[in-house]
Amino acid sequence: MPERYKNYIRGKWVDGKTAKTFENRNPANHHDLIGLFPDSSAEDVAEAVAAAKKAFPKWRLVPAPKRGEVLYKVGELLRQRKEEIARMMTREMGKILKETRGDVQEGIDTAFYAGGEGRRLFGETTPAELPDKFAMSVRVPVGVCGLITPWNFPMAIPTWKLFPALLCGNTVVLKPAEDTPLTAVKLFEILEQAGIPSGVVNLVHGTGEQAGAALVRHGDVQLISFTGSTAVGREIAAVCGQSLKRVSLEMGGKNAEIVMEDADLNLALEGALWGAFGTTGQRCTATSRLILHREIKKQFTEMLVERAEKIRIGDGLDETVEMGPLINEAARQSVHRYVQIGKQEGARLLIGGTLYEEGQWINGYFYKPTIFDQVTPTMRIAQEEIFGPVLSIIEVKNFEEAIEVLNGTPYGLSSSIYTRDVARAFRAMRDIEAGITYINGPTIGAEVHLPFGGVKETGNGHREAGTTVYDIFSEWKSVYVDYSGKLQKAQIDNAE
Ligand code: NAD
């Protein structure tokens, strides 16, 4: 019998209100059934929101340094269980162990960063314009926060939202992705063990259409923080717009690496391989386009193809494997459809473009590293997010064209340029339209103490991580203390 997992509401592990469940299977071997999870309904969501609402008045009054101390404990417990969780995560979503360890590490880093913020959470003091009057601004919590997360960073992304939300004094309901519910269970076991009071954190499994949508629509949820596709983010923004609910959105990307003629080609090659095929191309910051200066294009393409062909595909639990499977069959079909579109558009397929079904891998959702040459900037494979191991090479004649091509998509998440020319590097930092720019580094590799997010259709103006995430999860309140003992009128009493 497969293990049946539960929701976590009001400090208890509970079944869904209906008996309906969904399966969680290993994408490297779909015969491996990991467990069954509640396919939660709007009633389950309502119960979790009610628990969070009830817990809010007390949690908001716990001093922020104390809330931070709980997060230190959470970070310590995550550290102790890092290897166990990383292994479980690889089984659940396929990326290789090195990367799932990194994913848990991001949660640990975020716990300690947020824990430290408990003794900062700075506001401002500033002189008042009237005598005997004191002026300051402070942060206050928002209330009940609904968190909706994708499957590609099953620990990092929930913790990016949850820890700052808790530190600011909010209570939360998390709806994790259907493909990675077990990582969320492990996180909540740790939150429980760290002693977070009942109702402050709640976990509801289920589909986006049912449980996710119910969370977005619930009248007692003051904030939705969503990471996922631009299509879903747009729908969520529309619903939140109607009720004027605060909403932060982290969405898709179509990231590019530029390699100029003066670049260190070996370095740029390592960056392109890691950026394009790490996490099987399923990162919001994955390198999906490679913009090559025409002088080095032929040489660099040969170097790239030679290495990409040798990438070892397989089960991420094998330490020698370099690339795991795609998340599910629908994702594999979607990637494969894009490959057909690329061929029809006239791009030249250099390698890959087929499912990988050799030997035991017939039971997983594997796909070969795929590289297209002769891609033009307006082709669909150069414009739309593919979310798989597919890299499109675009040739350019100079720096200006490289920047224009890089900027020429609806997205604006991550970007990278390899050059030894410092002036070009600074021009790129200035002119690239993206939330993140790497100089001589791949498009992936964000650190948790810097703002993370994108421009254009990647986001709606917020930034997670860094100090900026605290602007999402707190409201600013301006406070004036008048100790003059008389009515003083700003803009009037001291006017000329
Ligand atoms: P997705 O949009 O399909 O799902 C994300 C989450 O939203 C899931 O939990 C899902 O159940 C839920 N959801 C789906 N429909 C919903 C609805 N109508 N109402 C409420 N919730 C709903 O995305 P995915 O396939 O899980 O993840 C891949 C996408 O996420 C890619 O586009 C990727 O670029 C993006 N992503 C972005 C970032 C970032 O920080 N910018 C990070 C990781 C992933």
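This is a predicted model: local features need pLDDT of at least 70, side-chain atom pairs count only at pLDDT 80 or more; totals for chains, interfaces and linings use all residues.
1. On the cysteines, the structure contains zero disulfides. For Cys145 the reason is one of distance, because the closest cysteine sulfur, that of Cys168, lies 8.5 Å away, too far for a bond, when a disulfide calls for sulfur atoms within 2.5 Å. Cys145 is also buried, with a relative accessibility of 0%, and Cys284 likewise counts as buried, at a relative accessible area of 17%, since the cut-off for that class is under 20%.

2. On the sheet, three strands form an open arrangement in the order E5-E6-E21, and their pairing is antiparallel. Strand E5 (124–127) and strand E21 (474–482) are the edge strands, each of them pairing on one side only. With direction ignored, neighbouring strands of this sheet are turned against each other by 20 degrees on average.

3. On the pairing of E5 with strand E6 (residues 133–141), four bridges join the two strands in the antiparallel sense; as for individual residues, Glu124 has Ser137 in E6 as its bridge partner.

4. On the helices, helix H3 (residues 82–93) packs with helix H6 (residues 181–193) at an angle of about 160 degrees, and their axes are 9 Å apart. The two therefore count as roughly antiparallel, as angles over 145 degrees do. H3 contributes Glu84, Ile85, Met88, Met89 and Glu92 to the contact, while H6 contributes Pro181, Leu182, Thr183, Lys186 and Ile190.

Definitions and conventions. Residues are numbered from 1 along each chain as its sequence is written. Side-chain values use heavy atoms; hydrogens and water are left out. Buried means under 20% relative accessible area, exposed over 50%, partly exposed in between (1.4 Å probe, protein chains only). Two strands pair if DSSP finds at least two bridges between them. Axes are lines fitted to C-alpha atoms, for helices over the stretch in contact, and angles run from 0 to 180 degrees between N-to-C directions. Angles under 35 degrees count as roughly parallel, over 145 as roughly antiparallel, 65 to 115 as roughly perpendicular and the rest as oblique. Contact means heavy atoms within 4.5 Å.
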